[in-house]
Amino acid sequence: MSMTDDAAMTVDLAGRTYRLIGNDDAVSGAVAAALSANGAQASGSEADILIAATPLLPDSSETGVPLPAVAEIGRSMAAREGGRIVFLLSALGGLPMRRHVDYSAAMAAAVAGMRGLAMALGPHVLVNAVGAGVIEQGGELLAGDRRMLTHASLGRAGTIADITNAVLFLCDPMNTYTTGQLLTVDGGWSVGYGRNF
Amino acid sequence: MRCDLSGRVAFVTGAAGAIGSAIAKRLAENGASVVVADVNLAGAEQVAAKLPGAMAQLCDIRSEASIDAAVEATTARYGRLDLLVNNAGVNTFANRVTIDSFPTAEWDRVTGIDLDGLFLMSRCALQPMLAAGRGGRIVNIASVVGLAAMRLQIAFVAAKAGIIHATRAMALELGPQGIVTNAIAPGSIMTEGTKALFYGSDGTFAGRTAEFMQHIPLGRPGTTEEIAEAVLFLSSPASGYINGQVLAVDGGWTAGFSP
């Protein structure tokens, strides 16, 4: 029951469009594929769903979060009285790491921006974020820092499907009262001390 | 969303109530066998009668004997227990006063059900989960007042904050056994029973409610179905790497300062 796979859930996004801005990597690519697999179509503009992707590896030289661009698209969604925005952020936005001060600060700022936009763009636009912990695929590190696993109570890395499923939930047409949330997908890393004291 | 919970057994406390019955229905719709547990057996029977494969079960979470019997009945009927939804809870209505005059009996009643009950229920339900070694799920229903304090309900506020931190400790303790624990913090949720508190006779928000709704970016109370959808996600195979999280389903109420 603990492992996650691509077919673990479906949502009905037929008739909806999505747009992805920001960082282009294996995770954001998989999110786009998952949205398509659930019926949404890619769109260049006026999309119903906006995915704002950021670099998920904390040693990335790029920590920029496309907040102004997201805000502008969000305002047009609000004018059309509907939309979902999902940020792909790092779990370090909720709990900073000593080894990654600048990156943690950038992610925390993105979380504050996400929450601010959730308040500013309601009631018709829902704004949330996924906070990725350690994510691996085929031995390749895609998000987080492997040191986090020593305190992640599940004792393993997450998969890309763990992230895409969280995004699908935040786009779920039946999930309509969740906004301003950082949904952290980190196996329990940020929760407390994963050791016996 | 849809997911496959067939073959899984879910135990939902307070399942005769508005939110609990919505949770039970949503889990059953996705294939789970649901134990509709409540101190109100007649109410539980009414809910269970509409859900295929479900059973009604008397369960008073203030009583270890009642909990033991309910979990035993579950494993006797289904042979397993995979998912516990700690939904049962009460708040203070008649004693809306500040702490200096808050009655001891009311403190004991609210914390006894909301916090002690969650502990007793979880400890008992974990026994068949751990013995089976298949992992499992626990979803605790907290409240936004456990995240942001409110006046005139000190016992409820303290109990719900206790649930939130207990959720995190449970995640740390049980994660290595493959049991993931998360919480949902509902905001203001409207039910048939509370509709009159929200809306005036003209169908618009009543005076104080209108002011209160300015603090909620979505500008409305939530529904029981919206809480049930979040429970379904945290119960599904799709959320297996989410552990110890507190998801506020509150229309953005606690995202920041909205007025």
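**Strand β2 of chain B**

I started with B:Ala10 and found its bridge partner in β3(B) to be B:Val34. I then checked the whole pairing: β2(B) and strand β3 (residues 33-38) of chain B are joined by four bridges and run parallel. Two strands count as paired if DSSP finds at least two bridges between them. Strands here are DSSP runs of E with at least two residues, and helices are runs of H or I with at least four, numbered from the N terminus.

Which residues of β2(B) point which way? I noted B:Val9 and B:Phe11 on one side and B:Ala10 and B:Val12 on the other, and all are buried. Buried means 20 or more other C-beta atoms within 10 Å of the residue's own, exposed means 12 or fewer, and partly exposed lies in between, with C-beta atoms placed from the backbone.

**A note on the model**

I am reading a predicted model, where local features need pLDDT of at least 70, side-chain atom pairs count only at pLDDT 80 or more, and totals for chains, interfaces and linings use all residues. Residues are numbered from 1 along each chain as its sequence is written, with chains lettered from A and ligands numbered from 1 in the order in which they are written.

**Where the chains meet**

I looked up the contact between the chains: 40 residues of chain A touch 42 residues of chain B. Contact means that the C-beta atoms, placed from the backbone, lie within 7 Å. On the chain A side, β1 (9-10), α3, α4 (160-171) and β9 (182-185) each supply at least two residues.

I also saw β1(A) joined by two bridges to strand β1 (residues 2-3) of chain B, running antiparallel. There, A:Thr10 has B:Arg2 as its bridge partner.

Next I went to B:Pro176, in the loop between α5 (154-174) and β7 (179-186) of chain B. Is B:Pro176 buried or exposed? B:Pro176 is exposed, because 12 other C-beta atoms lie within 10 Å. Leaving aside neighbours within four places in sequence, B:Pro176 is in contact with A:Ser153 and A:Gly155.

**Two helices of chain A**

My last stop was helix α2 (residues 67-79) and helix α3 (residues 101-121) of chain A, whose axes come within 11 Å and cross at roughly 15°. The two are therefore roughly parallel to each other; that label covers angles under 35 degrees, with over 145 roughly antiparallel, 65 to 115 roughly perpendicular and the rest oblique. Among the residues that meet are A:Leu67 and A:Gly74 in α2(A), and A:Gly113 and A:Leu117 in α3(A).

Note on methods. Axes are lines fitted to C-alpha atoms, for helices over the stretch in contact, and angles run from 0 to 180 degrees between N-to-C directions. Two residues are in contact if their C-beta atoms, placed from the backbone, lie within 7 Å.
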